[in-house]
Amino acid sequence: MAIDRVLSGMRPTGNLHLGHYNGVLKNWIRLQHEQECLFFVADWHALTTHYDTPEIIEESVWEMVIDWLAAGVDPASATIFIQSRVPEHAELHTLLSMITPLSWLERVPTYKDQQEKLSSKDLSTYGFLGYPLLQSADILIYKANQVPVGEDQIPHIEFTREIARRFNHIYGKEKGFEEKAEAAIKKLGSKRSALYEELRMAYQTSGDEEALESARALIEEQQGMSMGDKERLLGYLEGGGKIILVEPEYKLTPASKMPGLDGQKMSKSYNNTISLRENVDSVAKKIKSMPTDPARVRRTDPGDPAKCPVWQLHEIYSNDATQAWVQAGCRSASIGCIECKTPVIESVLAELKPIQERAAQYAEDPTLVKNIVAEGCEKARKLARETMRDVRDAMGLNYS
Ligand code: TRP
Ligand code: SF4
């Protein structure tokens with residue numbers, strides 16, 4: 001059923017930094033007030049690449065949840081859980097693997113890319129190849145229709161759509177589907193069933209998308225009709241069978257403009273990060289040792305902010321007046337680089353302060369964090385179980 005549900009996951013492979021905060025987390029925090037959201041720690045996903053260093057994952061799981069909470073992910077608005085605590089993901093992964101062509105997995109671009117990038121690791125494993133399918137199971141098990149991800153993940157969402165379509169095509173054809181759909185139409189009442197028929201015809205004979213939308217709305221508004229009948233009516237609209245798994249859409253996360261300490265994108269692999277838990281001295285030290293425009297050899301040499309990574313931080317953190325001060329001061333050599341960095345240090349510290357205060361509170365109360373996650377796992381599991389009932393049914397696994 002097409003409800004608006006957002007799902008996203010993050011791999012626990014180390015400390016979160018300002019790049020995560022300004023990209024993914026701020027986006028999640030905004031979404032949690034707009035829609036139903038599920039956010040999970042993708043610990044099994046982390047194992048697909050870090051199978052030989054499980055200690056990194058173990059350490060990172062709780063720290064990452066603390067970082068999420070400290071950044072403002074609100075357990076009263078969003079469901080927070082750990083993938084491996086909802087073993088139904090693994091069951092769905094196994095069942096979907098039966099219908100997944102190997103060639104579909106082999107042509108997912110991240111498969112070859114990551115193998116080349118992480119060449120120090122042996123990633124010619126079954127788990128790594130199947131990783132996009134595990135991601136599909138994560139999404140499909142919640143019938144999530146909106147998946148906020150970065151650009152690199154788009155092929156995984158497209159792959160998920162193809163898997164859902166294939167599943168519905170193979171298993172959505174229950175015995176007597178047409179008769180059951182026709183019977184469900186009658187349950188709409190005479191006026192509405194006539195309207196449904198009319199809209200269905202308009203879509204099937206002339207591809208009228210608006211008619212399709214109206215018919216979907218008609219079904220969703222229908223009170224007192226079983227989920228099964230609603231799914232039949234939705235499937236019947238498009239001529240196919242029952243829609244058991246929902247095709248998700250991706251919601252591209254606005255690219256994080258957060259530059260790292262060297263001017264490249266902030267990323268652990270470039271070793272240019274400021275972590276969310278970085279202490280005051282370390283923040284100051286890291287920014288003070290940032291490279292600047294190489295033309296400024298001596299204090300009296302003028303520079304050009306466009307050639308300086310510190311300027312990129314001013315663009316994010318400084319107001320117009322400070323930016324004008326930097327532009328003029330740098331070009332005329334009336335300010336020195338250390339002086340120029342001071343407002344950036346202050347702004348970064350100001351951004352981190354409330355996050356770190358909240359993180360300290362959560363870190364002091366591990367029971368609170370564990371309870372939040374336990375509750376989230378419980379909620380997620382309930383949704384996952386419902387889908388698995390339908391999936392097992394469709395695949396003939398509900399023996400009685
Ligand atoms: N593969 C994602 C990443 O590496 C993490 C992830 C796992 C995910 N399962 C997901 C993201 C489901 C969105 C939805 O970033
Ligand atoms: Fe960079 Fe500021 Fe130094 Fe100019 S004055 S080079 S902008 S740090």
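**View 1. Ring pairs join Trp28, Phe39 and Trp68 into a cluster.** This is a predicted model, and a search of the whole structure turns up eight aromatic pairs. Here we visit a few of them, one at a time.

**View 2. Phe128 and Tyr131 form a stacked pair.**

**View 3. Phe167 and Tyr171 make a tilted pair.** With centres 4.8 Å apart and planes at 50 degrees, the rings of Phe167 and Tyr171 are classed as tilted. Both residues belong to helix α9 (residues 154-171), and because they are four residues apart there, about one helical turn separates them. Phe167 is buried, its relative accessible area being 0%.

**View 4. Two arginines lie over aromatic rings.** Arg166 is placed over the face of Trp104, 5.5 Å from the ring centre. Arg200 has its charged end over the ring of Tyr236, at 3.6 Å from the centre.

**View 5. Ligand 1 has 13 residues around it.** Those that come nearest are Arg11, Tyr131, Gln135, Asp138 and Gln153. Look for Tyr131 again: one of its polar side-chain atoms lies 2.5 Å from a nitrogen atom of ligand 1. Polar side-chain atoms of Gln135 and His45 also face ligand nitrogen atoms, at 3.1 Å for Gln135 and 3.4 Å for His45. On its own, ligand 1 has 360 Å² of accessible area, and the protein covers 89% of that.

Methods. Residues are numbered from 1 along each chain as its sequence is written. Chains are lettered from A and ligands numbered from 1 in the order in which they are written. This is a predicted model: local features need pLDDT of at least 70, side-chain atom pairs count only at pLDDT 80 or more; totals for chains, interfaces and linings use all residues. Side-chain values use heavy atoms; hydrogens and water are left out. Rings of Phe, Tyr and Trp (its six-membered ring) pair if their centres lie within 6.5 Å; planes under 30 degrees apart count as stacked, over 60 as edge-to-face and the rest as tilted. Helices (H or I, at least four residues) and strands (E, at least two) are DSSP runs, numbered from the N terminus. Buried means under 20% relative accessible area, exposed over 50%, partly exposed in between (1.4 Å probe, protein chains only). A charge sits over a ring if NZ of Lys or CZ of Arg is within 6 Å of the ring centre and within 35 degrees of the ring normal. A residue is near a molecule or strand if one of its heavy atoms lies within 4 Å of it. A polar contact is a pair of N or O atoms within 3.5 Å; within protein, one must be able to donate a hydrogen and the other to accept it, and residues adjacent in sequence count only if both atoms are side-chain atoms. Accessible areas come from the Shrake-Rupley method with a 1.4 Å probe; for residues, only the protein chains shown count as cover.
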